[in-house]
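Have a look at the model first, then read on.

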2 protein chains.
Amino acid sequence: MRNIEFNLGIQDIATYIPPARIDNLAQGQRHDVDDDFVLQKIGARSLPRLAVDETVTSACRQAFEKLLEKSSVKADEVECIVVCTQNPDRGGIPHTSALVQAAINAPESTACFDVGLGCSGYVYCLQLIAAFMQMHGMRKGLLFTCDPYSKIIDSDDKNTSLLFGDAATVTLISDAPKLVSRHAKFSTRGAGGEALTKKDGKLFMNGRAVFNFALTDIPQQVNEVIKESGVNKNEIDLFLLHQGSKFMLENTIKRIGGIVERTPIDLESTGNTVSSSIPVLLEKYINADEVGTVLMSGFGVGLSWATVIYTKPVSV
Amino acid sequence: MRNIEFNLGIQDIATYIPPARIDNLAQGQRHDVDDDFVLQKIGARSLPRLAVDETVTSACRQAFEKLLEKSSVKADEVECIVVCTQNPDRGGIPHTSALVQAAINAPESTACFDVGLGCSGYVYCLQLIAAFMQMHGMRKGLLFTCDPYSKIIDSDDKNTSLLFGDAATVTLISDAPKLVSRHAKFSTRGAGGEALTKKDGKLFMNGRAVFNFALTDIPQQVNEVIKESGVNKNEIDLFLLHQGSKFMLENTIKRIGGIVERTPIDLESTGNTVSSSIPVLLEKYINADEVGTVLMSGFGVGLSWATVIYTKPVSV
């Protein structure tokens, strides 16, 4: 079953990484975790953190300001705003995407909705916003990701506090795309959801369960998507996997097979930024001429995993 | 700008109204609100409430059990699950749609995501799930709504405690639809979001602001959608407006003009069930032979408002 052809896609990406940082080596020492583990297993030397007066809305606005610097899009052209987060402002009422609409002065005719997904969220939301926009004849939309897990992390819990960083991204979805969707696949295992869940307002993680999930299910889905897409594995220029942790990534990459040189591991200055990890990376590559075909795979909370291949649009 | 043609749509709907109830007249008396106001202005004689051991997930499962009784769909055919809520289980981590996937034994190949929207949520999510499914060649999906505002209502606040009821619904979206989307329109005014927001974990409502919004913006959007759709207003068999309160509905209907006889006001035994109010009504009419064209309009939290016209699919 092939996906339908699509003429909306990714035109540009901008990122806001908060300037405030936690020194992760110092944090590791407080937890009796040595530098080598922090750098080689987790892979994050420091972790960005939203300041106390920053919100998801303000971080999204910062990302949008950066988009304006690099793109010709104007706020009054925006027809759709999606915010992917599991930590919305004001407990989600109103939805953060409505607050962002006001914060960036997008028109009242903007369709706005929030999507509650974790590390698989970017892949899902790329497909969702494009499908929704195409159905309704929209031409410019903004997909924001911002999930400040710092707000729900217990700083005494070394399983989570050494891992997650805060970031916000915005992806411009338009009818003048650099990359369009070719084929996607989605999976869910709610029965395994206990591995990453909120308890009494704090994030709880079973690291071993998440690690086993990443090493088993992600390589399988990635290779299935490649096969179903009809794209040759060798033709994929770039594999962007969710940057969960360095050790998990290295092993997941190994299991996928034959992609080491094309798969960045790049979380030293960000940590795991949940649904922002893939767009933070994609921003660095989207304008490179040699990048024509990109596979993205997000996985985590749910358990949920989603993989998509994007290619350059066929020239008209 | 016309919406594209669509071959997925609404096949069936089932509803779970929790059996536990609050006597709204007795509740009114505690607030020094007389029976006449409760019955004629609010319009709800009693309000269903989830029991303490019920969750969004369990209520959605109950709705799905009812769907199984009336429809031939099987859990293992489900390819997509959307849950529309602003009160997800476990604070949204994992997303409730993943928990529902496990609770109803849907396959692991099910794409699941939560959408954070209030009273406009059903209209948005109908379009979202259909667009997402069509993009990915999916044939059977489940759209759940369940937003138990009872969990965030201050029982001492007469502005909110007399208004909201709990319910869950499931809409089967399929390639054998009774109704398909014809034309939709969406609007957002985040700058007015203060009118319905969460503060310190509790819902706050500025009733006058919401009332003015409903009476001004909804009639305008409804009449615009009719005009843009090319459907004659007289040909619309049924207008399903979000059942906010009786007085607000009566006045909004009056402002739309010429639709009184075709617009049910029906919240006496449910109250305002947020994103469930439209599907709770639609379930009562979807199998009526005389109902071929339906306009649905949801409005509230955001502020957000969305209107769509559904018609019978063109026979092949």
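The points below cover the model itself, the interface, the nonpolar core, an annotated domain and one serine.

1. **Ground rules.** This is a predicted model, in which local features need pLDDT of at least 70, side-chain atom pairs count only at pLDDT 80 or more, and totals for chains, interfaces and linings use all residues. Residues are numbered from 1 along each chain as its sequence is written, chains are lettered from A and ligands numbered from 1 in the order in which they are written, and side-chain values use heavy atoms, with hydrogens and water left out.

2. **The interface.** Between the two chains, 57 residues of chain A are in contact with 57 residues of chain B (contact means heavy atoms within 4.5 Å). About 4600 Å² is buried between chain A and chain B, and carbon and sulfur atoms give 61% of that area. Buried area here is the accessible area (1.4 Å probe) that two parts lose on being put together, summed over both.

3. Glu108(B) and Arg189(A) form a salt bridge through their side chains, at 2.5 Å, N to O. On the chain A side, the elements that each supply at least two residues include helix H4 (96–103), strand E5 (111–116) and strand E8 (179–188). The largest share, 7 residues, comes from H5(A). Helices (H or I, at least four residues) and strands (E, at least two) are DSSP runs, numbered from the N terminus.

4. **The core.** The largest nonpolar core has 75 residues, and among those touching the most other members are Ile10(A), Phe113(A) and Met296(A). Such a core is a set of buried Ala, Val, Leu, Ile, Met, Phe, Trp, Tyr and Cys residues joined through side-chain atoms within 4.5 Å. Beyond four places in sequence, Ile10(A) touches residues including Tyr122(A), Leu172(A), Leu282(A) and Met296(A).

5. **The annotated domain.** An unreviewed UniProt entry places "domain: Beta-ketoacyl-[acyl-carrier-protein] synthase III C-terminal" at residues 227–310 of chain A. Over residues 227–310, chain A is 27% helix and 23% strand.

6. **A serine to look at.** Is Ser161(B) buried or exposed? Ser161(B) is buried, with a relative accessible area of 1% (buried means under 20%, exposed over 50%, partly exposed in between; 1.4 Å probe, protein chains only). Ser161(B) sits in helix H6 (residues 158–161) of chain B, and a polar atom of its side chain lies 2.9 Å from the backbone oxygen of Asp157(B).

Definitions and conventions:
UniProt positions are given in the numbering used here, feature names are shortened, and annotations may be inferred rather than shown by experiment. A salt bridge is a side-chain nitrogen of Lys or Arg within 4 Å of a carboxyl oxygen of Asp or Glu. A polar contact is a pair of N or O atoms within 3.5 Å; within protein, one must be able to donate a hydrogen and the other to accept it, and residues adjacent in sequence count only if both atoms are side-chain atoms.
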